[in-house]
Amino acid sequence: MDTRRFETLAVHAGQTPDPVTRSRGLPVWRTTAYTFDSAEHASNLFALKDLGFIYTRLGDPTSQILETRLAALEGGAAAVVTSSGTSAVHYAALTLARAGDEFVSASNLYGGTVTMFKVLLPDQGITVKFADAAHPESFRNQITPKTRFLYVETMGNPALDMPDIRALADIAHEHHIPLVVDSTFTPPALYRPMEDGADIVIHSLSKWIGGHGAAMGGVVIDSGKFDWKASNVPLFTEPDANYHGLRWAQDLPAELAPIAFALRFRTVPLRNLGACLSPDNAWIFLIGCETLHVRMERHSQNGLAAAKFLKNHPEVAWVRYPGLEEDPAYPVAKKQLKNGSGGMVVFGIKAGNGQTATERGRQFIEHLKLFSHVSNVGDAKSLATHPASTTHSQMSEEEQRASGLQPELVRLSIGIEHIDDILGDLEQALAR
Ligand SMILES: Cc1ncc(COP(=O)(O)O)c(C=O)c1O
């Protein structure tokens with residue numbers, strides 16, 4: 001475990017100057033394959049007897065630096081990067097569950113994840129049961145002998161509710177299953193869910209960790225603390241036909257046993273389904289890591305100021321921001337978020353002038369000048385979107401409401417520009 005402080009790890013973890021060229025900057029290894037010393041070396045690598053690079057789909061040195069850094073920032077034992085947050089979520093589910101298995105998930109999630117859980121995974125024989133993230137006990141009620149994991153977003157997209165991670169981890173562990181959290185909206189400069197017992201942390205790197213809207217990527221981080229031997233996860237306790245009949249919980253050498261999840265993730269879904277991160281994008285995310293703590297401070301300051309401004313504006317009906325004292329998420333946010341509440345603010349405009357709140361919200365977005373109208377979050381630039389008709393449009397209105405998404409909700413990802421320019425843009429668009 002690297003004991004240096006967060007800010008130092010963000011800049012340095014995983015990287016030392018390249019010993020061959022002495023380059024201080026990060027190299028990008030653009031190759032598909034790595035040479036073997038001998039036939040025995042090659043077979044040992046494939047048998048996991050030696051760890052090393054084989055083929056970039058399974059890992060590469062630039063991505064390995066990123067994995068080391070992200071594991072250090074989250075306080076985890078190992079990480080695996082993927083080509084998108086979506087593939088990280090999908091492969092995490094396939095690492096833990098197979099046809100006939102179930103899992104319990106919060107219903108307030110990013111819309112693409114809801115579709116994956118409600119449609120794609122059931123088509124593969126894996127069934128989801130939805131629970132209410134605000135009530136951890138509702139997860140317990142849905143657990144059966146076939147439940148393989150619990151799943152939540154640490155700050156739900158887009159309603160910005162915050163589940164109590166410690167309570168959920170306790171329920172998961174009582175049932176000998178891991179708690180998997182998507183922490184995309186709370187990057188590790190704000191919150192480290194493993195400190196509250198989460199076993200697997202997922203991020204869409206495309207958001208704040210990349211930080212500049214420049215590349216797609218995802219990561220899973222394994223805490224290294226979950227007891228797979230005593231687990232109710234047969235993919236770890238029974239022989240795995242995907243990997244020479246290996247029992248991941250029992251058969252790994254002692255030094256690898258704690259990171260059984262990361263190893264199965266890499267060598268089964270990543271290896272055989274193939275959504276690997278490109279080394280060039282790994283480089284972009286490493287550059288993003290270096291400024292993560294600085295950017296999150298400013299995103300949080302600006303987010304809070306924008307939320308307060310909207311709360312006091314006569315055209316605004318309601319605002320959600322976990323850092324506002326009156327927000328329903330505030331009690332959990334106060335406990336879990338150590339350095340600010342981030343840059344996401346959602347709100348609804350009042351109906352008026354013969355128009356619905358939704359119509360006025362959509363017009364408001366069109367009138368913004370500094371904010372970009374895009375379906376993304378986590379950029380240094382301020383962004384705005386209307387989730388009900390974009391990011392969450394594959395869900396029915398009933399499903400949207402169940403996940404806390406009101407039709408009029410406007411989603412703002414507050415950037416790191418000067419706050420006066422941000423507030424000025426909100427003001428002029430509201431006035432129009
Ligand atoms: C909370 C959350 N998780 C996962 C994803 C998917 O990530 P990606 O777009 O990198 O596939 C998103 C995308 O918006 C998201 O908001």
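Me: How much area do domain 1 and domain 2 bury between them?
Reply: Happy to start there, keeping in mind that this is a predicted model. The domain assignment of the protein chain places domain 1 at 8-287 and domain 2 at 293-431. Of the area the two bury, 60% lies on carbon and sulfur atoms. The figure for domain 1 and domain 2 is about 3000 Å².

Me: Which residues in domain 1 lose the most area to domain 2?
Reply: On the domain 1 side, three residues together account for 25% of what that side buries. They are Pro-158, Leu-190 and Trp-208.

Me: How many residues does the contact take from domain 1 and from domain 2?
Reply: Taken over C-alpha atoms, the centres of the two domains are 29 Å apart. Contact here counts heavy atoms within 4.5 Å. The contact takes 36 residues from domain 1 and 39 residues from domain 2.

Me: What is the distance between the closest N and O atoms in the salt bridge of Lys-335 with Asp-164?
Reply: Between domain 1 and domain 2 the count is three salt bridges. A salt bridge needs the nitrogen within 4 Å of a carboxyl oxygen. For Lys-335 and Asp-164, the closest N and O atoms are 2.8 Å apart.

Me: Which element gives the largest share of the side of domain 1 that touches domain 2?
Reply: There are 14 residue pairs in polar contact between the domains, with both residues at pLDDT 80 or more. On the domain 1 side, the elements giving two or more residues are helix 1 (6-12) and helix 5 (111-123). The largest share, five residues, comes from helix 5.

Key. Residues numbered from 1 in each chain as written. Predicted model: local features only at pLDDT ≥ 70, side-chain atom pairs only at ≥ 80, totals over all residues. Heavy atoms only, no water. Domains from an automatic or database assignment. Buried area = accessible area lost by both parts, 1.4 Å probe. Salt bridge = Lys/Arg side-chain N within 4 Å of Asp/Glu carboxyl O. Polar contact = N/O pair within 3.5 Å; in protein donor to acceptor, adjacent residues only side chain to side chain. Helix = DSSP H or I, 4+ residues; strand = E, 2+ residues; numbered from the N terminus.
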